Amino acid sequence: MKESTMATIKDIAAKLNEGCSYSEVSKALGISKSTVSKYANRIKQSNLTLAQASECQEQELEETVRVPIKREYRDFNAEEILGKLTNVKYATRQLLYEHYKSEDPETACSYATFCRRLEKLIKEKTPTQIYTNLERIPGESLEVRTDAPEIEQRTTI
């Protein structure tokens with residue numbers, strides 16, 4: 001959901017202070033009723049009256065109604081999870097995420113972030129070289145592949 005500007009939040013407080021309903025405020029300002037409700041509740045939780053909120057400085061209002069976004073998440077071992085995803089028969093991303101989240105829900109990242117990090121790891125592990133069938137005369141050459149993908153030996157007989 002897009003955050004509203006401080007001017008809009010002050011308008012919400014002013015209209016609610018005048019006695020308008022959430023529906024009337026949402027129609028007048030062109031925002032949803034849930035947005036009106038969200039900011040009305042945040043103003044009430046901050047111990048400000050609607051009149052005070054409609055007339056206070058924008059900086060003060062921002063400090064009281066904005067919820068800080070928490071960006072620090074508990075890290076998870078993406079290698080281990082990717083291994084379980086590929087080797088355990090009934091393992092799904094959703095089940096692995098729920099297990100990760102059950103350890104400490106407060107510090108767990110979102111499911112979308114969890115999947116993005118797994119996708120990034122999968123892309124890193126995907127080989128970048130593409131091998132195609134080579135047309136050659138049978139018995140003319142021999143190719144030997146070693147364990148290291150960057151080393152390829154060719155010998156001509």
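The following conversation works through how several descriptions of this predicted model are reached.

User: What makes up the protein in terms of helices and strands, and in what pattern do they follow along the sequence?

Analyst: The protein has eight helices and two strands, and reading along the sequence gives the pattern α-α-α-α-α-α-α-α-β-β.

User: Why is helix 1 called roughly perpendicular to helix 5?

Analyst: Helix 1, covering residues 6–17, packs with helix 5, covering residues 58–65, at an angle of about 80°, and their axes are 10 Å apart. Angles of 65 to 115 degrees count as roughly perpendicular, and therefore helix 1 is described as roughly perpendicular to helix 5.

User: What is K10 in contact with, once its neighbours within four places in sequence are left aside?

Analyst: K10, which is found in helix 1, is then in contact with A53, S54, C56, E58 and L61.

User: How do you know that the side chain of K10 makes a polar contact with the backbone oxygen of C56?

Analyst: A polar atom of the K10 side chain lies 3.0 Å from the backbone oxygen of C56. The cut-off for a pair of N or O atoms is 3.5 Å, so the pair formed by K10 and C56, at 3.0 Å, is counted as a polar contact.

User: Why is S26 called buried?

Analyst: S26 has its place in helix 2, which covers residues 22–29. Its relative accessible area is 10%, and because buried means under 20%, S26 is classed as buried. For the protein as a whole, buried residues make up 24% of the 157 residues.

User: What does S26 touch, and how far is its side chain from the backbone oxygen of S23?

Analyst: Not counting residues up to four places away in sequence, S26 touches I31, S32, K33 and V36.

User: What makes K15 partly exposed?

Analyst: K15, whose place is in helix 1, has a relative accessible area of 25%. Buried would need a value under 20% and exposed a value over 50%, so K15 falls in between and is called partly exposed.

User: Which residues does K15 contact beyond its neighbours within four places in sequence?

Analyst: K15 is in contact with C20, V25, A28 and L29. The C-alpha atoms of K15 and L29 are separated by 9.6 Å, although these residues are 14 residues apart along the chain.

User: Why is helix 6 called roughly perpendicular to helix 8?

Analyst: Helix 6 (residues 78–87) and helix 8 (residues 111–125) pack with their axes 10 Å apart and at an angle of about 80°. Since the range for roughly perpendicular is 65 to 115 degrees, helix 6 is therefore roughly perpendicular to helix 8. In this contact A78, E79, I81 and L82 of helix 6 meet F114, L118, L121, I122 and K125 of helix 8, and the residues divide into seven nonpolar, no polar and two charged.

How values were computed. Residues are numbered from 1 along each chain as its sequence is written. This is a predicted model: local features need pLDDT of at least 70, side-chain atom pairs count only at pLDDT 80 or more; totals for chains, interfaces and linings use all residues. Side-chain values use heavy atoms; hydrogens and water are left out. Helices (H or I, at least four residues) and strands (E, at least two) are DSSP runs, numbered from the N terminus. Buried means under 20% relative accessible area, exposed over 50%, partly exposed in between (1.4 Å probe, protein chains only). Axes are lines fitted to C-alpha atoms, for helices over the stretch in contact, and angles run from 0 to 180 degrees between N-to-C directions. Angles under 35 degrees count as roughly parallel, over 145 as roughly antiparallel, 65 to 115 as roughly perpendicular and the rest as oblique. A polar contact is a pair of N or O atoms within 3.5 Å; within protein, one must be able to donate a hydrogen and the other to accept it, and residues adjacent in sequence count only if both atoms are side-chain atoms. Contact means heavy atoms within 4.5 Å. Ala, Val, Leu, Ile, Met, Phe, Trp, Tyr, Cys and Pro count as nonpolar, Asp, Glu, Lys and Arg as charged, and the others, Gly among them, as polar.
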